[in-house]
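Here is a short briefing on one protein chain. Look at the sequence and the model first, then work through the points by topic.

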Amino acid sequence: VISVIDHHKTALKTAAAPCFTIADVQSSNTLVAEFAFEINERYSTLGLKEAMCDQQIAEISLQTQEPDKLNRLLELLAIKRNLLQKNGFFIDPRREFAEYLSCLYAILDDTDLLTKVSDRDIECIAKLLNRMKSISIGKLTTIISLDDIPRNEHFAKKAAARILQNEDMYSIYKEIYTFKEQETEATLKNSIAGLPSAIFADTKEQNGCCRVGQTKLFCSNYPFFSHHANDIRDRWLKDAKAVYEKQNQIDFHLHMISTITGAEEVYTGNFGNWNHQDELWLWAPSTEQGMHHLSTFLNAFRTASCIQDNPLEVTFLDPNSSELKQIFIEKFPTASIKPTTTAPVHSMPIAVLRFKAGTINSRKTHISPYLPRITSL
């Protein structure tokens, strides 16, 4: 267990009696959706009229031994009960649909279009889609069934592919992810121009001494990013140094550049074989503690499963950073040392660790367990 609320939190302080749920999910919005199901099913009719409900019940033989039909019958009987016993309460199907759509968008965002999911996330998404489709047509229906997929270690990946290639699902995520690709490039341009930019907004302080961020890029953004990478790194380094000057205990700084899949890629199933590389940027001040924290991270990180058999390259943006080079050579002796392809405007004491795109994409799973910490906290 590495979290209570989120991976960078280690304590929950409140004057009130807390109630929280711990679960193996990638998105906390999966839990929100599950709570919504529990509440709504007590009153919801999914927009079905009584005649349609009766017709669907009649179509299912009470003698059937098929589990999926029995489950469908139970759902219909619950809707029939709600139709007959509103008792002054009801769930407007339009509000219910909007609620489910909000949860779905949030889960897609948290999981980078289902590239990082647990079995529970997947089951929840299937239920969201089936209930949304039922509401939209006024008939209980199933557009996503996962019953035939074996419940093994490959279940989540196979089920995610089926969901993402569903026409109704595609219609939901296509427009918003196309827009996000365009907005990501606009954010990069603002950063280069020195304008307000959210490129480093996803940055957290962890373990009392670490500052870790992540920028997610689509494949279509990489040509522009590669051309201006040193300008963006320079801005990141200035931010890191400014934080260190105010809080000198924050002396280990890391930033991830991660590839996420676009709408067309996931719909066609053609993703993962990208020609570019993802990156980790690392900087620590040239103090005994700063170098110790950097060395501690690298020593732990080299044991991570995502690193094994992953072709690594490292570039040093300051040719005089002999101490930094020595640390990397000791911890990653097989990594290829590559010169920078575009010279920075000035020397930057940053190490850029490159690896296969898409293989190190989760800060919570791939980075946080290996971070140094101030043990007195």
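Leu46 is buried, because its relative accessible area is 2%, under the 20% cut-off. Its place is the loop between H1 and helix H2 (50-59). This is a predicted model.

- Most residues other than glycine have a negative phi.
- Leu46 has a phi near 55°, a positive value in a residue other than glycine.
- Leu113 also has a positive phi, near 55°, and is not a glycine either.
- Leu113 sits in the loop between helix H4 (93-110) and H5.
- Is Leu113 buried or exposed? Its relative accessible area is 0%, so Leu113 is buried.

**Leu31 in helix H1**

- Leu31 belongs to helix H1, which covers residues 28-40.
- Leu31 counts as buried because its relative accessibility is 10%.
- Which residues does Leu31 touch, leaving aside its neighbours within four places in sequence? They are Thr21, Ala23, Val25 and Arg120.
- Leu31 and Asp121 lie 90 residues apart in sequence. In space, their C-alpha atoms are 8.7 Å apart.

**Where H5 meets H7**

- Helix H5 spans residues 119-137, and helix H7 spans residues 167-192.
- Their axes come within 11 Å and cross at roughly 95°.
- H5 brings Ile125, Leu129, Met132 and Lys133 to the contact. H7 brings Asp168, Met169 and Ile172.
- By class, this contact of H5 with H7 has 5 nonpolar residues, 2 charged residues and no polar ones.

**The sheet**

- In what order do the 7 strands of the open sheet stand? The order is E1-E2-E3-E4-E7-E5-E6, and the pairing is mixed.
- Strand E1 (203-206) and strand E6 (336-337) stand at the edges. Each has a single partner strand, so one side of each is left without a neighbour in the sheet.
- Strands of a sheet pair through backbone hydrogen bonds, either parallel or antiparallel.
- Strand E2 (residues 210-218) pairs with strand E3 (residues 252-260) in the parallel sense, over 9 bridges. In this pair, Gln214 stands opposite Met256 in E3.
- E3 pairs with E4 in the antiparallel sense, over 5 bridges. Here Ile257 stands opposite Glu279 in E4.
- E4 pairs with E7 in the antiparallel sense, over 6 bridges. Here Asp278 stands opposite Phe355 in E7.

**Cover over the strands**

- Helix H8 (residues 222-246) lies across E1, E2, E3, strand E4 (277-283) and strand E7 (351-356).
- H8 runs at about 20° to E4.
- E4 is mostly covered, with 6 of its 7 residues buried.

**The whole chain**

- The chain holds 12 helices and 7 strands.
- Its C-alpha trace spans about 80 × 50 × 40 Å along the principal axes.
- Of the 377 residues in the chain, 44% are buried.
- The chain exposes about 19,600 Å², and carbon and sulfur atoms supply 51% of that area.
- Take the contacts between residues at least 6 apart in sequence: 78% of them join residues at least 24 apart.

Key
Residues are numbered from 1 along each chain as its sequence is written. This is a predicted model: local features need pLDDT of at least 70, side-chain atom pairs count only at pLDDT 80 or more; totals for chains, interfaces and linings use all residues. Side-chain values use heavy atoms; hydrogens and water are left out. Axes are lines fitted to C-alpha atoms, for helices over the stretch in contact, and angles run from 0 to 180 degrees between N-to-C directions. Helices (H or I, at least four residues) and strands (E, at least two) are DSSP runs, numbered from the N terminus. Contact means heavy atoms within 4.5 Å. Ala, Val, Leu, Ile, Met, Phe, Trp, Tyr, Cys and Pro count as nonpolar, Asp, Glu, Lys and Arg as charged, and the others, Gly among them, as polar. Buried means under 20% relative accessible area, exposed over 50%, partly exposed in between (1.4 Å probe, protein chains only). Accessible areas come from the Shrake-Rupley method with a 1.4 Å probe; for residues, only the protein chains shown count as cover. Two strands pair if DSSP finds at least two bridges between them.
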